[in-house]
Amino acid sequence: MSNDVFKLLCPYQIAWLRDESPLAIGEKSRRIGWTWTQALTEYNGTPIEVIDEDGDENAILGFDETCGNSAVTTSLYVYRPGSDTDGEFVQGLVGSGMIDHIDYGERNGLFDDLIEANMGLAMFHPRAACRIKGITNA
């Protein structure tokens, strides 16, 4: 998310957006900007995921592509996921009978498990995914 957006937010809104916990619980009240803050992370009920850094904080999609006369552009990848039942758009695939689970037990108060599976993605509509190229860091 652009740092320019953070200039518009209150500290508690910034903390909410930066929280990477698997579960976030908040108390909603009037006029705290909850809806507006959440609008930055979703569009029309669809989550917007920003994948900008790897685990070592290196840019995954830096502004290092060449488009036209500029060598400082990047691409935006957009896809439309299908539902669990429609068999359309972009779907995740898991091989039948190809999931293995190994239980390593409990370590330091946490359960340690390994799950191995053959997985993939399938695109069932020719326009379910696209690349928008030539985006500059404006």
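**Notebook: loops, strands and ring contacts**

I looked up phenylalanine 89 and found it in the loop between β4 (70–79) and β5 (90–107). Strands here are DSSP runs (E, at least two residues), and helices are runs of H or I of at least four, all numbered from the N terminus. The model is predicted, so I note the limits: local features need pLDDT of at least 70, side-chain atom pairs count only at pLDDT 80 or more, and totals for chains, interfaces and linings use all residues. Residues are numbered from 1 along each chain as its sequence is written, and side-chain values use heavy atoms, with hydrogens and water left out.

**Entry 1: two positive phi values**

Phenylalanine 89 is not a glycine, yet its phi is positive, about 60 degrees. Is phenylalanine 89 buried or exposed? It counts as buried, because its relative accessibility is 14%. My cut-offs: buried is under 20% relative accessible area, exposed is over 50%, and partly exposed is in between (1.4 Å probe, protein chains only).

Asparagine 108 also has a positive phi, about 55 degrees, and is not a glycine either. I placed asparagine 108 in the loop between β5 and β6 (110–123). Asparagine 108 is exposed, because its relative accessibility is 82%.

**Entry 2: the ring of phenylalanine 89**

What sits over the ring of phenylalanine 89? I found the charged end of arginine 80 there, 3.8 Å from the ring centre. The test asks for NZ of Lys or CZ of Arg within 6 Å of the ring centre and within 35 degrees of the ring normal.

I then searched the whole structure for aromatic pairs and got 0. A pair needs ring centres of Phe, Tyr or Trp (its six-membered ring) within 6.5 Å; planes under 30 degrees apart count as stacked, over 60 as edge-to-face and the rest as tilted.

**Entry 3: glutamine 91**

Glutamine 91 lies in strand β5. At 12% relative accessibility, glutamine 91 is buried. Its side chain reaches the backbone oxygen of glutamate 88 at 2.8 Å. Beyond four places in sequence, I listed contacts of glutamine 91 with Gly82, Ser83, Asp86, Gly120, Leu121, Ala122 and Phe124. Contact means heavy atoms within 4.5 Å.

**Entry 4: aspartate 112**

Aspartate 112 is in strand β6. I logged aspartate 112 as partly exposed, because its relative accessibility is 25%. The side chain of aspartate 112 makes a polar contact with the side chain of arginine 107, at 3.1 Å. For a polar contact I need a pair of N or O atoms within 3.5 Å; within protein, one must be able to donate a hydrogen and the other to accept it, and residues adjacent in sequence count only if both atoms are side-chain atoms. Residues that aspartate 112 touches, beyond four places in sequence, include Ile102, Asp103 and Tyr104. C-alpha to C-alpha, aspartate 112 and isoleucine 102 are 8.8 Å apart, with 10 residues of separation in sequence.

**Entry 5: the open sheet**

I traced an open sheet of 3 strands, order β3-β4-β7, with antiparallel pairing. β3 (65–67) and β7 (129–136) stand at the edges with a single partner strand each, so one side of each has no neighbour in the sheet. Strands pair if DSSP finds at least two bridges between them.

β3 and β4 are joined by 2 bridges. Glutamate 65 has threonine 73 in β4 as its bridge partner. In the hairpin of β3 and β4, with 2 residues between the strands, glycine 68 has a positive phi near 65 degrees.

β4 and β7 pair over 6 bridges. Threonine 73 is the bridge partner of threonine 136 in β7. Threonine 74 stands opposite isoleucine 135, also in β7.
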